[in-house]
Amino acid sequence: MAFTIKVNGTAHTVDVDADTPLLWVLRDVLGMCGTKFGCGIALCGACTVHVDGMPMRSCVTPIGSIGNKAVTTIEAVGKTPEGKALQQAWLDLEVVQCGYCQSGQIMSAAALLTNTPKPTDTDIDAAMSGNICRCGTYQRIRAAIHRAAGMREE
Amino acid sequence: MPDRLDRRGFLTIGAALSGGLVIKLSVPIAFRPPWAAEAGPSFNPNAFIRIDREGLVTLVMPMVEMGQGTYTALPMLLAEELEVGIDEVRLEHAPPNDVLYANPMLHFQATGMSSSIRGFWTPLRQAGAVGRTLLIATAANRWGVDPGTCRSQKGVVLHSASGRRLPYGELVDAAAKLPVPTTDSVVLKDPKDFTLIGTSAKRLDTPDKVNGRAQFGIDVRVPDMKIAAIAISPVFGGRPKSLNEAAAKAVKGVCQIVRIENAVAVVADHMWAAKKGLIAAAIQWDDGPHATVNSSDIIGQLEEASKKPGVVARNEGDAKKALAGAAQRIDAIYQMPFLAHAAMEPMNCTVHVRRDACDLWVGTQVPTRTQSLVAEVTGLPMDAIKIHNQLLGGGFGRRLEADGNVLAVRIAQQVDGPVKVVWSREEDIRHDMYRPYYYDRLSAGLDASGKPVAWTHRVSGSSIYARYLPQIFTNGLDHDAVEGAAEPPYELPNVHVDYVRVEPPGVPTAFWRGVGPTHNIFVVESFVDELAAAAKQDPVAYRKALLGHNPRALQVLELATEKAGWGQPLPAGRGRGVSLQFAFDTYLSQVVELEVAFDGSIRVHRIVCAVDCGIAINPDTIAAQVEGGTLFGLTAALYGNITLKNGRVEQSNFHDYPSIRISEAPHIETYLVRSAASPGGFGEAPTAAVAPAVTNAIFAATGKRTRTLPIDTVLLRSTT
C-alpha cells in the first residue's frame, strides 16, 4: 500500500507493505544510502535516524508506524546546529576510520546533544552504547561529542 | 611473509591523453600468482600518477581504503617528494591490474598484511622525486638557468635568484617529452627536510564519511538494479533440497528465485521483499557430509595431531637436550578459537553479467584475484571482467576473499540485468571464512637462575596459505601460522618451533586482522609471563634481561612500562600486564591495567602503547590504529568465539558474537619512539599485542593464568 513520509523536509510516497522497515525504504526505494544496514535487529545502531527528533533504529521501524512524523537522516542532520557541530568535531579530531558506522554514531550523538547539551561521560555511555564501531573509534567519538558540546556553548 | 626485495620502482613517463604528465611506476616482485600472467595491458597512458595542465595531481590508488588511512598516507609519500600540497592530490580507485598495481610485498594487487606503507615507501617517493626533477628541469630549460639553482614548493618551480616562478600545470606538457631520469640520478629528500611526512595531515577520505555521501560497496545503485537476499546452506557443503517457489514469488516485490549449488537467492525490488521471499520459500536443505561436526571434534582432532612432530620452522641448538637438563621445566597448552570478521558493512556485491562482459561493484581487498575467479566462473576473458572498487566498510581480512563476489556472480548469471546481492548479518557471521582454531603446545626449561635455556613451540591449525597462495606454502610450512612464534624477540639459546597442519572438516579458514601474530603473540607473550612467574621475577625485568641484543624492542618496553607506571601500587583486584612484540617490521609494547571483580567480570581501565614503527608517516593515523586495532583485539580476547554444533555455526549476530561498546572501551594512550628506520606496517600490530597484555594483567590481579581465548570469566570468580 502507499505511504507518504516526510524525510528531511520532503514528502515521498512509496508503495510497500506496512511492515517494511524504514531502513529499506530509505536505501532501496528512495535511494538515500547514507543510512546504513548493519545487523537488521537493532543491535548495532548503524541505521539510526531521527523520528520527530527521537533516535530510532530504522531497521526495526516499520514504515506503517511513521505517519506524519518528521524523519531526519544523516544527509540532512548537518542542517541542525547539533549535527553541524558534531560533523565538524568528527573531522577536527579525525574520529573516522572505515566510516561505515559513523552515520549512525552522529545521529545518536545529535539526539543526545539536543536533549543533553552538556553530556557527561555517563550520559555518552548511555546514549551511544547501542552504536557499534568495529574500527574502535570510541575514544575519539567521546572526545568529539564533548568538543561539539563545547562549540555549541560558544 | 617477509620479503627482502629491494623495492625500488621502475619508472616511465609519458603524456596523458588529455595533456599533462604521466608517471608510470612498476615495482619488482619476486613472482606472480597464476592469475597475474593474464593481467591487463602493461601500458595504460592514464595509469598511476597524472599531473594535468591545471597542476592537479591524480594518484590512482593501488591500495584500498578500509579505515586504515592509506588514502592519506600513500598520497603523503608522493606529495612530499613531488613538492605539492596533499590537498592538490586527487585519488582514484585503481582498476584490477597486477602489472601496474601489484603490492610489492604481497606479489599481487592486494591490500593486507599491513604492507601498503612498507611496499610503497620507496617507489612512491621515487615517483614523486622523478616528477619534481622533470618539472624543475623543464622550468630551468625555459629560463636558461642551471636546474641546481631552482627548487619547487607547493606545485610551483621557483628560481630564487631572479624571483621567477612557473606552476607545474604550465610545465607538464614539455616535461612529458623529456627522457625519464634514471632512478639513481634522482635524489630523494633527506628525512630531516620532510615537511609532510611525519605530520598528522588531515585524512582525505573522511569529509564524505560524516555526511552520508561516501559510497561503500553496499551503497552502489545502478540503473534497473534488483536486490537479492540470500540463504546459504546452514551446514558447510550442503545444498538446497526443496523450496516453495510459488509462495516466495507471491510476496509483493519479489521478481525471481535463483538456486545455485549451495544457496538460494530471492531477487526483488528491495531488500525487505527479498527477505520476506526467503522466509516464504521455506527452504529445505540437504546437509551433506559435515552435518555432525561439532567444535569438540575439531579440538579433539587438533589435540591428537599436535602430539606428533610437525614441519620445522626453526631449530637452533638442542632444545630437547637442554630441556632434559634444565633446573625447572614448564609445559603449557594454549588454544585460540575460530573468529568471524564481522565488518560493519555486511558482505555484498553488485553484479551485471552479460553475454560478453561482467561488471562488479564491490569493496574488495583483492581486485585481481576477484577478476580471475570471476573469469573462471563466467568463462569470460579477464579484460571482460570490470571491477569497480568501492570504499570498504571494514576489511579485517574478510575482503581478502572473493567467495562473496563469486557467489554474487553465480546468482547474477541467472538474472537479466544488474543485481545487488546483500548478505544479512546472520549470513555474514555464519558464512564467514574464519580465523583458524589454533592449538599450541609449549615447553621451556629454566636454569637455576630462572633464565630460559630451552624453548619448544608446536603450532597446530589450518594453513591459510596452502589454499590462498600455494606457491609460498613450501615443504608443508605455513609461514603465517608460525609468524611471531618462530622468531620471538628474546635471547633463547635452544629453540625448536614446528607446525602441524590440521584442516577442520568443512570449515573455511582465512586471514583475520593481525594474521599469524594475532595468534602467536598471545601464546608467546603469555608463556614468557609464565616463565617469569616460575622464575619468581617481575615480568618486565625478566623480559629486559633477555633483550640485551635487541635495543629497539627494549626501548618500546621501557617506554610503555614507564608511561604506565609499572611497579606502582594498585588497589586490590587490579593488575597490570605487559606484552612486547616485533611484527610487521614494527616494535610495539603494551601495558594493560584492569580490574577483576568478584564475579570474574573484567573491566579494562587503561592501555598504554609504545611504538617504534620506524619513520612515522602520519602519527595521528598511527594513534588511531593503536586505538582501533587494540579494541579489535580486545573484543576478540573478551568475547570472540565461533563454535560449531551439528555442522552449523552457532553464532549469528551481535548478541552472540558481541563487539566491545563505548561503555566498555578503556582509555588508550600512544607513545611513539622517534626513529630513522624504514617504516614498519601498522594496521594490525596493536590487534596482536593486546590479548596477552590483558591475560597477563588478569594473572597479576588474580594469580590465574588464561591459556584459552576468549577469556572465560567463570574461571576468574573469587572462591571465597
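Two residues are in contact here if their C-beta atoms, placed from the backbone, lie within 7 Å. The legends below describe a predicted model, in which local features need pLDDT of at least 70, side-chain atom pairs count only at pLDDT 80 or more, and totals for chains, interfaces and linings use all residues. Residues are numbered from 1 along each chain as its sequence is written, while chains are lettered from A and ligands numbered from 1 in the order in which they are written.

**View 1. The surroundings of B:Ala274 in the nonpolar core.** Setting aside neighbours within four places in sequence, B:Ala274 is in contact with B:Ile227, B:Ala228, B:Ala229, B:Val254, B:Val266, B:Val267 and B:Ala268. The largest nonpolar core has 285 residues, and B:Ala274 is among those with the most contacts inside it, together with B:Ala228, B:Val266 and B:Val694. Helix H17 (residues 685-702) of chain B gives the most to this core, with 12 residues. A nonpolar core is a set of buried Ala, Val, Leu, Ile, Met, Phe, Trp, Tyr and Cys residues joined through C-beta atoms within 7 Å. Buried means that 20 or more other C-beta atoms lie within 10 Å of a residue's own; exposed means 12 or fewer, and partly exposed is in between.

**View 2. Strand S19 of chain B, covered on both faces.** Look for residues 419-422: B:Val419 and B:Val421 are buried on one side, as are B:Lys420 and B:Val422 on the other. Strand S9 (residues 226-232) of chain B pairs with S19(B) in the parallel sense over four bridges, and B:Ala228 stands opposite B:Val421. Strand S16 (residues 348-353) of chain B runs antiparallel to S19(B), and four bridges join the two; here B:Val351 has B:Val419 as its bridge partner. Strands pair if DSSP finds at least two bridges between them. Helices (H or I, at least four residues) and strands (E, at least two) are DSSP runs, numbered from the N terminus.

**View 3. Chain B and its domains.** Chain B has 17 helices and 28 strands. Its radius of gyration is 27 Å, close to the 27 Å that the globule rule gives for 720 residues, so chain B is as compact as a globular protein of that length. The radius is taken over C-alpha atoms, and the rule is 2.2 Å times the number of residues to the power 0.38. Of the 720 residues, 57% count as buried. An automatic or database assignment supplies the domain bounds: domain 1 (10-207), domain 2 (217-288 + 347-422) and domain 3 (296-338 + 434-716). The centres of domains 1 and 2 of chain B, taken over C-alpha atoms, are 37 Å apart, and 19 residues of domain 1 are in contact with 18 residues of domain 2.

**View 4. Where chain A meets chain B.** Here 47 residues of chain A are in contact with 47 residues of chain B. On the side of chain A that touches chain B, helix H6 (138-153) of chain A gives the most, with four residues. That side divides into 24 nonpolar, 16 polar and seven charged residues. Ala, Val, Leu, Ile, Met, Phe, Trp, Tyr, Cys and Pro count as nonpolar, Asp, Glu, Lys and Arg as charged, and the others, Gly among them, as polar.
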